[in-house]
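Hi there,

Here is the structure we talked about passing on to you.

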Amino acid sequence: MRLGFEESQAAFNSGSQQARVWTEGWVAREAYCINCGSPSLTKATNNSPVLDFVCPVCSDQFEVKAQKKAFGAKVADGAYFTKIERLKSATNPNLMLVNYDAEQLQVRSVCVVPRHFFIPDIIQKRPPLAETARRAGWIGSNILLGRVPEAGRIFILRNGVEIPKADVLQRWKQTLFLRGSGLEARGWLLEVMRAVDLVGRQEFELDDVYAHEARLSAIYPGNKNVRPKIRQQLQVLRDNGYLEFVGRGRYRLRAHV
Ligand SMILES: [Zn+2]
């Protein structure tokens with residue numbers, strides 16, 4: 001994987017236009033499909049302002065965002081209602097976050113959030129643009145990256161170091177089972193995965209996860225049976241090989257690459 005941008009520094013009106021051209025060229029040359037392993041992605045031929053790529057083999061789509069600052073807890077995205085509609089459709093894209101060094105003119109980190117980690121809860125509605133704005137009333141969105149479990153941030157390049165492709169594909173496969181569950185069921189699974197992340201240990205007990213009961217109750221106020229629901233999600237995560245039961249009320253996360 002070559003990290004440098006090859007496009008010349010042509011005169012662009014804005015830094016963001018320049019960054020888009022760099023990123024587009026780099027993804028077309030170097031990125032691969034982390035769903036099926038296809039060695040290249042093709043630029044999608046839509047006219048939307050979103051930079052989209054598509055895998056010519058499995059048709060998975062990738063929405064690419066690039067910036068020179070490291071990505072924080074939220075990322076600005078397009079129109080809110082369009083995003084929510086797309087999220088519910090089969091063409092919902094994976095999110096590829098490209099972090100680059102504007103002085104060295106090269107890519108530093110690339111992280112992909114698989115599309116099965118997206119639920120409406122992590123799309124935040126921004127306030128409508130003011131009456132004085134050119135697009136008055138337009139409602140944008142933020143993607144709340146901070147609410148995505150660790151397993152949903154898959155690096156193919158981290159701080160200049162390429163992660164072996166076999167490891168990336170393996171890591172991707174570990175959570176692919178989420179695609180099979182509906183949006184609501186997936187919401188619970190993701191929240192329990194996050195609770196397990198917050199426990200912060202490979203081996204843990206049921207009580208460690210129960211410690212997050214209040215947060216889960218706040219997210220799902222209609223559910224009065226949060227503890228049984230937690231146990232049920234842990235069971236689903238076990239059935240799909242994400243974690244294993246090692247004894248009464250004891251669990252172990254399977255090794256994540
Ligand atoms: Zn593919």
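In sequence, the residues that donate to the zinc ion follow the spacing C-x2-C-x18-C-x2-C. One thing to keep in mind from the start is that this is a predicted model. The donors are the SG atoms of Cys 33, Cys 36, Cys 55 and Cys 58, which coordinate the zinc ion at 2.3 Å. The angles that the four donor atoms subtend run from 105 to 116°, so the arrangement is tetrahedral; the cut-off for that label is all angles between 85 and 135 degrees.

Cys 33 counts as buried because its relative accessibility is 0%. Cys 58, with a relative accessible area of 26%, is partly exposed.

Now to the charged pairs.

Lys 83 and Glu 63 form a salt bridge in which the closest N and O atoms are 3.1 Å apart. This pair links distant parts of the chain, with Lys 83 in helix H2 (residues 80-88) and Glu 63 in strand E3, 20 residues apart. Both Lys 83 and Glu 63 are buried.

Glu 191 and Arg 147 also meet through their side chains in a salt bridge, at 2.7 Å from N to O. Here too distant parts of the chain are linked: Glu 191 belongs to helix H4 (residues 183-199) and Arg 147 to the loop between strand E8 (140-143) and strand E9 (154-158), 44 residues apart.

Finally, Arg 250 pairs with Glu 203 in a salt bridge whose closest N and O atoms are 3.0 Å apart. Arg 250 lies in strand E13 (residues 250-253) and Glu 203 in strand E11 (residues 203-205), so the pair ties together parts that are 47 residues apart in sequence. Arg 250 is partly exposed at 27% relative accessibility, and Glu 203 is partly exposed at 29%. Through salt bridges that share partners, Glu 203, Glu 205, Glu 244, Arg 250 and Arg 252 are joined into one network.

Best wishes

Conventions: Residues are numbered from 1 along each chain as its sequence is written. This is a predicted model: local features need pLDDT of at least 70, side-chain atom pairs count only at pLDDT 80 or more; totals for chains, interfaces and linings use all residues. Side-chain values use heavy atoms; hydrogens and water are left out. Donors are N, O and S atoms within 2.8 Å of the metal (3.2 Å for Na, K and Ca); water is not among the atoms, so sites may look incomplete. Four donors count as tetrahedral if all angles lie between 85 and 135 degrees; four count as square planar and six as octahedral if opposite donors are over 155 degrees apart and all others between 65 and 115; anything else is irregular. Buried means under 20% relative accessible area, exposed over 50%, partly exposed in between (1.4 Å probe, protein chains only). A salt bridge is a side-chain nitrogen of Lys or Arg within 4 Å of a carboxyl oxygen of Asp or Glu. Helices (H or I, at least four residues) and strands (E, at least two) are DSSP runs, numbered from the N terminus.
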